[in-house]
Amino acid sequence: MKPPIFEYALPSTVAEAVSLLASRNGNAKVISGGQSLMPMLAFRLATPELLVDLKHLKDLGAIRIGEDGVRLGARVRWCDIEGDARLAVSHPLLAEAIKHVAHYQIRNRGTVGGSVAHADPSAEMPGIAMTCDAQMKIVGSAGTRIEAAADFFTGPLQTSLEPDEILTEVHLPAWPAARRWAFLEFARRKGDFAMAGVALYYDLDSGNRITDAHIGAIGVADRPIRLTEAEAVLNGNQMSDKLIAAASAKARQSIDPPSDIHAPGAYRAALVATLLGRGLKKSAA
Amino acid sequence: MQIEFNLNGQAVSADVEPRTTLADCIRNDFGQTGTHLACEHGVCGACTVLVNGEAVRSCLLLAVQVQNDKVVTIEGLSGDELTPLQAAFRKHHALQCGFCTPGFITTAHALLSHEPDADEDRIRDVLSGNLCRCSGYVPIVEAVLEARSSYRDSGSK
Amino acid sequence: MKVFNSYIGRPMERVEDLRMVRGRGTYVADVNRPNQLYAVILRSSTAHGIIKSIDSSEALALAGVHRVLTAKDLGNEVPLIPLRLQPLPQLEPFHQPVLADKKVRYVGEPIAVVIAESAAIAEDALERIALEIDPLPAVATRAQAEAKRSVLFEGHGSNVAITWKAFRGNADEAFKTADYVRRETFRVQRHAAMFMEPRGFVAEWDEAAGKLTVWGAAKTAWYNRRTLAAQLGLELEAVDLIEVDVGGGFGSRGEFYPEDYLIPAAARIVGRPVKWTEDRREHIMSANHARDVECDVEFAATRDGRFIGLRGQIWSDIGAYIRTNGSVGPRNVAQYMSGPYCMEHIDLKSSMLTTNKTPCGTYRGPGRYETDFIRERMIDLAAQDLKIDRVELRRRNLVADAQMPYTLASITPYDSSTELDSGDYHAVFDRCLKEFGWEERSKLRGQSIDGYYHGLAIGSFIEGGAAGPKEEVRLVLETDGALSVYMGSSSVGQGLETIMAQIAADAMEIPYEKITILHGSTSYVKDGYGAYHSRSTVMGGSAILLGAEKLKELIQQTAAQRLGCKPEEVVIDGEQASFGGNHIAFAGLSETPLEVEAAFFNKKYTWAYGTQAAHVAVDPGTGHVKVIDVMSVEDVGRMINPLTLHGQAIGSIVQGLGGAFLEHLVYDDEGQLLTGSFADYLMPTASDFPSIRSVTLELKPCPNNPLGAKGAGEGGLIPIGGLMANAVADALSHLNVQPMELPLSPPRIWQLVEEAEAARARA
């Protein structure tokens with residue numbers, strides 16, 4: 001499985017990278033960690049004329065944590081997230097979700113930007129981006145723009161990125177210390193893409209009622225989704241077993257996952273309900 | 001494209017097509033055939049090498065991407081005598097056909113170099129990125145557990 | 001100093017490891033010949049169709065492309081792959097042509113060979129070959145096969161290639177009067193050996209010497225050489241197949257595939273060495289598939305739990321052609337369904353269905369894995385119905401020591417009968433219960449702990465080995481006293497070099513370090529057979545024993561001349577030949593090496609046997625099954641190397657677990673293979689099955705070979721399918737969940753739970 005022929009460029013700045021992409025009329029692709037792109041090249045599912053390597057864009061490799069939240073540079077790797085002790089407090093949901101990504105060798109190379117731009121509907125990082133209302137920073141020939149995750153993911157392995165645009169940063173909003181959360185996924189084997197996964201968080205008001213519930217699901221649609229109907233069941237109520245059951249049932253009804261060789265849609269819908277129920281229970285403990 | 005990097009302690013250079021993977025470059029341009037190809041799509045781990053001390057899948061890297069980097073393969077982790085890790089593999093019969101073995105040894109070396117106190121769960125977790133069809137993994141885990149002591153004594157390599 | 005019996009039985013560290021742990025093994029992808037070109041195979045992406053045209057002109061125009069070979073380049077008739085086993089004339093219509101000629105019959109079938117300066121360029125060329133195929137309706141299911149709207153072999157007229165029949169006693173009579181009969185349908189999924197080293201060949205034709213050398217041989221090199229030589233019109237001596245290091249076989253690698261012909265033929269045609277290695281995507285669609293079985297079977301017993309027999313129909317989906325050993329699995333499902341239990345009445349028909357899928361062949365424990373799943377499930381169902389404890393029911397029916405040799409069912413056509421040779425099945429059964437802790441663990445049965453329901457299962461199995469007819473060795477005592485042993489046995493990773501050296505060291509009474517084992521290459525012995533059916537220890541090892549006797553005689557004869565005595569008066573001891581106080585060391589005994597050839601013949605299979613127990617925990621919400629513990633106890637008669645044998649047992653068990661839970665080659669109704677890479681074909685990993693235990697015993701040696709050993713190494717996986725399904729049923733017994741199909745994937749278990757809960761709600 002040898003890749004097809006392509007050229008290779010190693011720009012020193014983001015502007016240079018953008019300019020290279022723009023020059024090939026849609027036939028150039030960014031390579032970041034390469035963990036998603038390389039298999040596609042090996043199978044010849046991707047046949048770009050030119051690969052633009054972000055290797056020298058060191059600034060994109062930073063994890064910046066401040067009052068406005070966590071800013072992940074596009075070239076931040078899974079092992080960088082794993083190794084950043086600050087995230088246990090600054091964004092425990094992110095830290096937990098990333099533990100499930102792939103395997104040791106891939107974690108040394110795979111990047112936030114690569115995963116989000118690849119937009120696999122079963123991948124954890126796009127799921128977290130969607131759940132947490134992430135803001136994507138995108139640089140192209142037309143300049144820099146910020147896009148909400150909900151608008152960024154447009155379909156299976158599809159995003160709003162134009163051929164000359166590079167995702168440079170994923171910005172997760174600030175995380176209050178008292179926030180409740182959970183991340184649960186079910187995969188056939190450790191490190192596999194999830195058959196389904198649920199990321200959730202909510203805050204509690206002074207009356208211990210749930211507010212601002214966010215529930216994201218991966219593996220059950222053509223992109224990561226929010227389970228807004230289940231969120232509506234939770235908001236304004238105190239956590240209870242009855243509420244959990246109601247929210248889970250609502251989640252199951254509100255989705256229509258596709259069937260594939262690994263699972264029928266009905267299984268994935270039931271799985272989301274199960275994971276949501278378990279996650280809510282865990283978050284309340 | 002002309003590339004230069006450090007391979008097993010030696011400065012090397014080659015003229016490669018951009019599409020040449022690091023795995024193929026190591027095997028064909030430099031004749032280091034200890035790194036094996038079993039899937040070429042980044043799942044099996046047989047092609048694992050160390051780049052700047054980190055275990056990576058060499059079939060998922062282009063040779064042109066390791067310009068100026070330090071690459072270590074199974075050959076670079078071997079000498080006239082078996083290393084403690086290699087001796088542990090032999091002692092525990094952690095290989096049968098041997099095809100996946102360089103990938104496991106390279107990965108285990110990286111893990112123990114960074115985490116000499118890794119427990120069994122962590123070892124299994126990390127090794128779950130390498131496929132073995134012969135051994136059933138039990139003896140491999142035993143071998144890596146035993147090899148920890150040599151990494152603790154001398155620290156990271 | 002006597003060293004007899006000091007190596008056999010010792011857990012010697014392997015000599016192979018010294019090169020393999022350093023990455024200094026030589027696998028075929030590591031072999032390079034001067035001036036070599038690279039081959040890549042164009043494979044059909046249509047499951048069934050008529051080839052209208054192949055236009056390679058654009059491919060040939062690509063820089064670096066040398067040739068594109070198609071069927072028309074292979075002579076008047078495209079060579080066919082013969083059947084190595086059960087070569088019945090009525091199976092001839094199903095032989096595979098080495099290149100698709102007028103028709104393609106499966107996705108992955110070779111259509112052309114591109115030869116170029118590099119593999120990458122050859123792959124570029126593939127895309128430029130214009131292929132026109134008129135599609136035909138695909139046969140991808142049993143229903144489609146039987147409907148005969150589309151038939152793979154028009155001359156044959158149906159998609160049933162052959163039906164084997166296994167029989168013993170009189171099942172129809174016996175079933176008429178049986179107290180208890182239960183009928184069920186079972187399915188085992190298509191999966192495969194999936195060895196880690198992809199296949200490959202390097203072939204070189206020396207025009208001047210008229211000699212063809214091919215690197216990459218495995219398993220059955222001598223048979224393959226005969227086949228290749230005949231296909232190429234060469235004398236046998238003109239062809240050498242060389243075995244280098246081999247990255248796993250499991251019954252699949254080494255059989256004669258299309259590429260076994262295509263690469264050597266290509267080398268002859270282009271006049272330069274040709275190298276080919278498959279990639280994983282190709283491997284999955286090219287190397288033999290296995291285990292795709294459906295079974296409709298009745299089981300009869302008496303009211304007090306004595307097994308009477310089995311009757312029914314088995315269908316094997318064997319793919320588009322019958323390759324060298326494609327009948328073995330389907331025959332074994334029928335012939336060995338009774339396993340280690342007394343069953344006097346067997347009437348099982350086993351039909352082989354041709355479908356537009358990759359052809360099938362043997363994979364470790366062929367037919368045995370499938371048949372044990374069927375039988376052990378039936379036994380647990382019967383235990384429930386008869387209200388007899390599952391453990392007791394098995395104990396009551398295991399073949400007893402006193403009943404050996406115990407004849408199994410016969411099979412026809414290509415008649416074959418076999419008998420269980422020796423064994424204390426009950427002792428091993430009880431030992432397994434004890435090692436596993438059955439009593440104690442039984443308290444957990446059906447309990448829900450942290451959301452997981454716990455279950456146990458037990459099952460017994462037999463493992464056939466040591467297929468004949470013979471194996472050859474050549475022993476050479478070198479002038480420096482070292483011993484070289486050339487063998488027909490081949491290495492697939494099982495530690496041949498170590499094990500055979502142990503046997504040779506004991507037989508010749510010389511130190512282990514002085515022995516080198518050379519194996520698998522056709523230049524080593526005249527007529528070798530190879531490694532399959534767990535035969536190398538028994539066949540190769542016994543041949544070494546015979547060879548050692550002959551070599552000792554030759555040493556005596558040689559020494560006698562120098563010592564001035566009769567050969568029988570020479571005493572061999574401690575690497576020297578002695579008479580009357582005079583000693584001659586082996587080193588320097590003769591000016592030229594002393595060489596003997598020997599062959600061991602065998603007609604009787606050996607039967608290793610054992611019992612396994614398992615403890616699982618099932619999460620009904622996700623369908624996930626945690627394998628908490630597996631304990632396997634097996635009697636192999638005699639162990640040569642406990643370390644390697646234990647390794648085989650563990651490795652085999654994990655393969656079985658892969659088959660039980662993860663691995664599945666999935667086709668759609670159009671014959672498209674949907675699981676085309678390791679992303680979708682799920683292999684067991686280090687974190688999946690952490691707790692596997694195995695104990696190997698030497699209770700009852702085999703009476704039929706000088707070593708007393710029984711072939712072993714496949715046994716670990718044989719009972720696993722049935723064991724896991726029974727354990728899951730046990731865990732979910734409160735719902736009466738009854739798995740009848742493998743794999744036990746999470747969605748399948750979840751589905752069974754949903755159905756069971758719905759049934760309970762209706763009741």
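Trainee: How do you know that chain B has domain 1 and domain 2, and where are their bounds?
Mentor: Domain bounds come from an automatic or database domain assignment. For chain B, that assignment gives domain 1 (2–76) and domain 2 (84–154). This is a predicted model, where local features need pLDDT of at least 70, side-chain atom pairs count only at pLDDT 80 or more, and totals for chains, interfaces and linings use all residues. Residues are numbered from 1 along each chain as its sequence is written, while chains are lettered from A and ligands numbered from 1 in the order in which they are written.

Trainee: How far apart do the C-alpha centres of domain 1 and domain 2 of chain B lie, and what makes up the contact?
Mentor: The centres are 21 Å apart. Two residues are in contact if their C-beta atoms, placed from the backbone, lie within 7 Å. By that rule, domain 1 of chain B gives 14 residues and domain 2 of chain B gives eleven residues.

Trainee: Which strands of chain B supply the side of domain 1 that touches domain 2?
Mentor: Strand E3 (48–51) and strand E4 (54–57) of chain B supply at least two residues each. The largest share, three residues, is from E3(B). Strands (E, at least two residues) and helices (H or I, at least four) are DSSP runs, numbered from the N terminus.

Trainee: How many domains does the assignment give chain A?
Mentor: Domain 1 (7–53), domain 2 (58–172) and domain 3 (181–284). In chain A, twelve residues of domain 1 are in contact with 18 residues of domain 2. Helix H1 (residues 14–22) of chain A gives the largest share of the domain 1 side, five residues. That side has six nonpolar, six polar and no charged residues.

Trainee: Why are strands E6 and E7 of chain A called paired?
Mentor: Two strands pair if DSSP finds at least two bridges between them. Six bridges join E6 (residues 135–140) to E7 (residues 143–148) of chain A, so the pair qualifies. These strands run antiparallel, and they form a hairpin with two residues between them. Val139(A) has Thr144(A) in E7(A) as its bridge partner.

Trainee: What joins E6(A) to strand E10 of chain A?
Mentor: Five bridges, with E10 (residues 166–172) running antiparallel to E6(A). Lys137(A) stands opposite Glu169(A) in E10(A).

Note on methods. Nonpolar A, V, L, I, M, F, W, Y, C, P; charged D, E, K, R; others polar.
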